[in-house]
Amino acid sequence: MAIVKNLSRTLSQLLQSPGCGCQTSIVPVRCIGVSPRQVNSDASFHSVSFSETDHPRVLITGGLGQLGVGLAKLLRKRFGKNNVILSDIRKPPDHVFYNGPFIYSDILDYKNLREIVVNNRITWLFHYSALLSAVGEANVPLARAVNITGLHNILDIAAEHSLRLFVPSTIGAFGPTSPRNPTPDLCIQRPRTIYGVSKVHAELMGEYYHYRYGLDFRCLRYPGIISADSQPGGGTTDYAVQIFHDAIKNGKFQCNLRSDTRLPMMYIDDCLKATLDVMEAPAASLSMRTYNISAMSFSPEELVQEVKKHIPELQVTYNVDAVRQAIADSWPMNFDDSNARRDWGWKHDFDLSELVTTMFNILGSDSRVAQIN
Ligand SMILES: NC(=O)c1ccc[n+]([C@@H]2O[C@H](COP(=O)([O-])OP(=O)(O)OC[C@H]3O[C@@H](n4cnc5c(N)ncnc54)[C@H](O)[C@@H]3O)[C@@H](O)[C@H]2O)c1
Ligand SMILES: C[C@@H](O)[C@H](N)C(=O)O
């Protein structure tokens, strides 16, 4: 009986304090072949390994997608061009290649990742590689490999080298049984896509590594992100980017979601600002490690009305894609991000009308609007 009591006391102490349990033992993370992936218990996971006056040394994985290049630009402004390395498995266009460090990195290659982290003395890692919701459903084995096996590699590397790790999650981490209007941070999560399942897995594994090994894991659940100078990578919210390009190019747009499909959305600048803010937030201010962030929520018909203020003759038709519609119908309609606002001061700058005006300003619709008037 006494043994059972002692065991349960030790276990409850372990579960209550972050970074607990790493004081006295070597914690095996994973052993593969001749490279024992072990985390030394003495590693000071909570203190980042650069001094307060130094800038972090940053690696971004999956950096050539919709969000990575913009993130690199923001981080380079803050920490210096050479302190931020973009990586991907694709060939970078000239404007990316000549604008700062870029290297090849396949997140499924653990040794290559480790080499990059060690050789470049990386201290912060932004893990952007993923297959999004629609392309994930089209290739489940690849999505499982990249989104789950790849994440395991990232977590182990981050724990081994005491990195501060950011992994984005998504509105897609919720499912039809979650409260949808609004969706709070903590509620039932039973997504029906491989993308959503892998993101819930990422949230839970990151938090587990935080509480078990003290990994400085930080995670935001992004809404659908809208950007002007980068294309989305195959998600359910892609229509909200495509409409701007099609409206400007030929004044016609065919929407693949039903006109009343309401989803949380955000302009890219807000998303990247939130990402940097949560990474810079003092650990003591974070009451959780995974936060919803929100800015606006709209349906295709509401977006169309706003776009028509700039291009009144826009013609819209609906040709619903069954896979995407089923996904969207299972996702949150509105996101409750009150914890992020309270804990680390999250605040969005762009509402729907500012978003649409900004998109047209960047994409250069002025001449078209002028022609119409
Ligand atoms: N864009 C959004 O609306 C949105 C919303 C919520 C969450 N997120 C998350 O933010 C992150 C970035 O999103 P994004 O829109 O830029 O994605 P994206 O699909 O545009 O880009 C993903 C990148 O991952 C790379 N990649 C694929 N397999 C890889 C591998 N084996 N090794 C290394 N890289 C690999 C791809 O080449 C691609 O450039 C993702 O994790 C995504 O889940 C995005
Ligand atoms: C919402 C987000 O995760 C992505 N844009 C998708 O639709 O898959």
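View 1. Helix 6 (140–160) and helix 7 (194–213) each bring at least two residues to the lining of the largest cavity. Helix 7 is the main contributor, giving 3 residues. Please keep in mind that this is a predicted model.

View 2. The structure has 1 cavity of 30 Å³ or more. The space in the largest cavity comes to about 50 Å³. Around this space you will find His127, Ser129, Ala130, Asn147, Leu151, Val167, Ser198, Lys199 and Ala202. Sorted by class, the lining is made up of 4 nonpolar, 4 polar and 1 charged residues.

**View 3. The largest nonpolar core.** In soluble globular proteins, nonpolar side chains tend to be buried together. Here the largest nonpolar core counts 69 residues, and the members that touch the most others are Ile60, Phe298, Leu303 and Trp344. Helix 9 (residues 268–280) is the top supplier of this core, with 7 residues.

**View 4. A closer look at Ile60.** Which residues is Ile60 in contact with, leaving aside its neighbours within four places in sequence? The partners are Gly68, Leu71, Ala72, Leu75, Val84, Ile85, Leu86, Ser87, Phe126 and Tyr128. Ile60 is also one of the residues touching the most other members of the largest nonpolar core.

Conventions: Residues numbered from 1 in each chain as written. Chains lettered and ligands numbered in written order. Predicted model: local features only at pLDDT ≥ 70, side-chain atom pairs only at ≥ 80, totals over all residues. Heavy atoms only, no water. Core = buried A, V, L, I, M, F, W, Y, C linked by side-chain atoms within 4.5 Å. Buried < 20%, exposed > 50% of the residue type's maximum accessible area, 1.4 Å probe, protein only. Helix = DSSP H or I, 4+ residues; strand = E, 2+ residues; numbered from the N terminus. Contact = heavy atoms within 4.5 Å. 1 Å grid on protein atoms, 1.4 Å probe; cavity = no way out; pocket = protein on both sides within 12 Å on 5 of 7 lines; lining within 4 Å. Points joined across faces, edges and corners; volume = space filled by probe spheres on them. Nonpolar A, V, L, I, M, F, W, Y, C, P; charged D, E, K, R; others polar.
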